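Here's a quick briefing to read with the model open beside you. Take it one topic at a time, and look up each residue as you go.

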Amino acid sequence: MKLFAFFSAWLLVGLAKAQSFRPDEIARWKQRANAITIIRDTWDIPHIYGKTDADVVFGLLYTQCEDDFARVEENYIDAIGRMAEVEGESALYHDLRARLFMDTTQAMAIYQKSPAWMKSLLNAFADGANYYLHTHPTVKPRLLTRFQPWMPLMFSEGSIGGNISAVSTERVKAFYTQTKWSSAVQDFERYEREPVGSNGFAIAPSKSASGKALLLINPHTSFYFRSEVHMSSQKGLNAYGAVTWGQFFIYQGFNENCGWMHTSSNADSMDEFLETVEKRDGKFYYKHGNDWKPVQTQQVILPYKTESGIKHKAFTIYRTHHGPVAGQLGDQWITVSMMDDPLNALAQSYLRTKATDYTSYKKVMKLNGNASNNTVYADRKGTIAYWHGNFMPKRNPKFDWNQPVDGSNPETDWQGLHDIDDVVQVKNPAIGWIQNCNSTPFTVSGNDSPNRSQYPAYMAPDAENYRGVNAVRVLSQKTVFTLDTLIAAANDPHLPGFDDLIPALLKAYESRKATDATTDLTEAIDLLRAWDKTYGTTSVPTTLAIHWGEKIQRLARPRVKTGQRLDFLSFTEFVINNTTAEEKVKVLAETLDELKKDFGNWKTAWGDINRFQRLTGKINETFDDQKPSLPVGFTSSAWGSLAAFGAKTYPSTKKRYGTVGNSFVAVVEFGDRVKARTVVNGGHSSDPASPHFNDQAALFCAGKFKEVWFYPEEVRQHAARTYHP
């Protein structure tokens, strides 16, 4: 029965591909479109005005499709688990992972039961996207030729991937194909990946020159992950900020009363359970206490693209009361528990954009619908606040929740959810500032930070990182902030990741210079000795430090013992203590040789290597050393660069090109009238022919911002184009 239900739902989705839009719905869309006004300002930012919130959502989806339909569609192909239909069999287990936690039949049922206000927004979402497709017949979707109103329920948070991305597709594949899966990724290997996350700063009136609260919104994502928009209705919606492509709520932003910044969190909102399973008479049972309970099963059929057309593969999905089975360890099955409340998650994501103060914002957080993010908050009443996570299961603290726990022991079962008052948080700290950079909450406000001993360990296992160290240093040094000095703080060039590494190299050189010294090595060491450990486009020491630092870390990584857990700070200590003086100096010599080979001179400025380039606007950008690009001073966030720029070389390039890091960045002052400035990487448009494809690139690379036009008279004064969808 479940197999038939799923297959029928898939057929309905598939039939929609060939379905044309009906005259009655087209007429309805046109009528709504005439009641919506879109004003594009001189930066091409859409300001969307409507009578109702649903009108604005309709206009938002229309403009998002105008600006980058490919990313809107891609996000939903991903979210609803249909990537294999466009990418082929290689994406099959990516889709299976998605279906383990939610499928279209569940989303449809939740949609049908949604309250009227939510259903109106969901309908407007689908109508706005479909009206775009109707009015742009030359646009050829890869897969989705009709958007359905239940789709946002499978894409209810605006973060990078959400918790589901933490579940290994390789482990899922190994279990459901009964093949071997060697082991988890070694802890040290994660240092090869560019860290993503965000920075959020809140400044209290006591530290503000204007006496008003200030907020820094600085997400670090893959470039072009979100777009900048303004949504305004006559029903209390007036929000400005960043929207993840295809979603209908401002994920990080502000309204005239308050602002919210989300930083990716390690607050423990999901768990893995080791299930003891037996097979009896062809059926599986799992142990729970003294009982043996039947393993739930569900048959699913997943389509995937091949050269000869669409084929299908059937799977039997297994579940216990803890959640779906997503792997195996020895003879035990691994189940995963995580938030499974898409309606409240979507409601919270939307309703917080209409909050008017701390009390109303906190009330929305009581929905417990945010499973993957911390919140940095500020408002016009002068309140600043921080919450570490939101959705937080109650657990028995005697277990180590950093590891899979014994699912057969009832004491490991979740015991409901913590109330919002239970989670790690701070409100109006005396120090006058709050910071979070995907780091521990126990340094968010210096000496006024929450006390670790007052919370169970699972609430905040987050380690400190170099951005957190840098943020505390920067905010502690300043007594008064303006929007300008808040921007300067966000762009502070210090790289604390080298505060210990470079002295270790200098010490190593002193012990080896009698045998290893060369003219080039001596000159390079002198440059590094004089370096103030700040980045800059003209800085040669930055080039030397980063290239050497990457190479010495790569040398040390395989020496990390299996199971040894190292954060960024402790890994630096490990590198220093587990590489010899000879190795440190030898790696610097190799660095100079490689720089000479690649650039003709090892004394190459950082900005000549570290570049911003946008050529095509496609989801997978291409890069070319022979085509125009701009120098960028800021570096990978791994070194503590608050303004993050994750860049690497490509097979055909010697220079590095950024693809992750600073994306939409904003600073906001809350008062009688809100004041804000923003910048995005490149420009608002994804069309290379548009004047707004790269019109913000120079600002972005220089750490400069543009003014935000928020009030109607400002928007009209700076209007470049006004139209209806």
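Rings of Phe, Tyr and Trp (its six-membered ring) count as a pair here if their centres lie within 6.5 Å; planes under 30 degrees apart are called stacked, over 60 edge-to-face, and the rest tilted. By that rule, this predicted model has 48 aromatic pairs.

**Aromatic rings**

- Take tyrosine 62 and tyrosine 131: their ring centres are 5.9 Å apart and the planes make an angle of 35°, so this pair is tilted.
- These two tyrosines bring distant parts of the chain together, with tyrosine 62 in helix 3 (residues 53-79) and tyrosine 131 in helix 7 (residues 116-135), 69 residues apart.
- Tyrosine 62 and tyrosine 131 are both buried.
- Phenylalanine 223 and phenylalanine 700 make an edge-to-face pair, 6.0 Å centre to centre with 85° between the planes.
- That pair also links distant parts of the chain, 477 residues apart: phenylalanine 223 is in the loop between strand 4 (214-222) and strand 5 (226-233), while phenylalanine 700 is in helix 19 (residues 697-702).
- Why do phenylalanine 223 and phenylalanine 700 count as buried? The cut-off is under 20% relative accessible area; phenylalanine 223 has 6%, and phenylalanine 700 has 3%.
- One aromatic cluster includes Phe21, Trp29, Phe58, Tyr62 and Tyr131.

**Charges over rings**

- Lysine 603 has its charged end sitting over the ring of tryptophan 602, 5.6 Å from the ring's centre.
- Arginine 673 does this with tyrosine 711: the charged end sits over the ring, 3.9 Å from its centre.

**Cysteines**

- A disulfide is a covalent bond between the sulfur atoms of two cysteines.
- How many disulfides does the model have? The count is zero.
- Cysteine 437 is buried, at 0% relative accessibility.
- Cysteine 701 is buried too, with a relative accessible area of 10%.

**A sheet and its helices**

- Strands of a sheet pair through backbone hydrogen bonds, and they can do so parallel or antiparallel.
- Here, six strands make an open sheet with mixed pairing, in the order 13-14-15-16-9-19.
- Strand 13 (296-306) and strand 19 (405-406) are at the edges: each has a single partner strand, so one side of each has no neighbour in the sheet.
- Strand 13 and strand 14 (residues 309-320) run antiparallel and are joined by 11 bridges.
- Helix 8 (residues 169-177) lies across strand 9 (271-275), strand 14, strand 15 and strand 16, and runs at about 85° to strand 15.

- Most residues other than glycine have a negative phi.
- Tyrosine 224 isn't a glycine, yet its phi is positive, about 65°.
- You'll find tyrosine 224 in the loop between strand 4 and strand 5, and it is buried, with a relative accessible area of 12%.
- Asparagine 368 isn't a glycine either, and it has a positive phi of about 55°.
- Asparagine 368 is in the loop between helix 10 (358-365) and strand 17 (373-379), and its relative accessible area of 13% makes it buried.

Note on methods
Residues are numbered from 1 along each chain as its sequence is written. This is a predicted model: local features need pLDDT of at least 70, side-chain atom pairs count only at pLDDT 80 or more; totals for chains, interfaces and linings use all residues. Side-chain values use heavy atoms; hydrogens and water are left out. Helices (H or I, at least four residues) and strands (E, at least two) are DSSP runs, numbered from the N terminus. Buried means under 20% relative accessible area, exposed over 50%, partly exposed in between (1.4 Å probe, protein chains only). A charge sits over a ring if NZ of Lys or CZ of Arg is within 6 Å of the ring centre and within 35 degrees of the ring normal. A disulfide is a pair of cysteine sulfur atoms within 2.5 Å. Two strands pair if DSSP finds at least two bridges between them. Contact means heavy atoms within 4.5 Å. Axes are lines fitted to C-alpha atoms, for helices over the stretch in contact, and angles run from 0 to 180 degrees between N-to-C directions.
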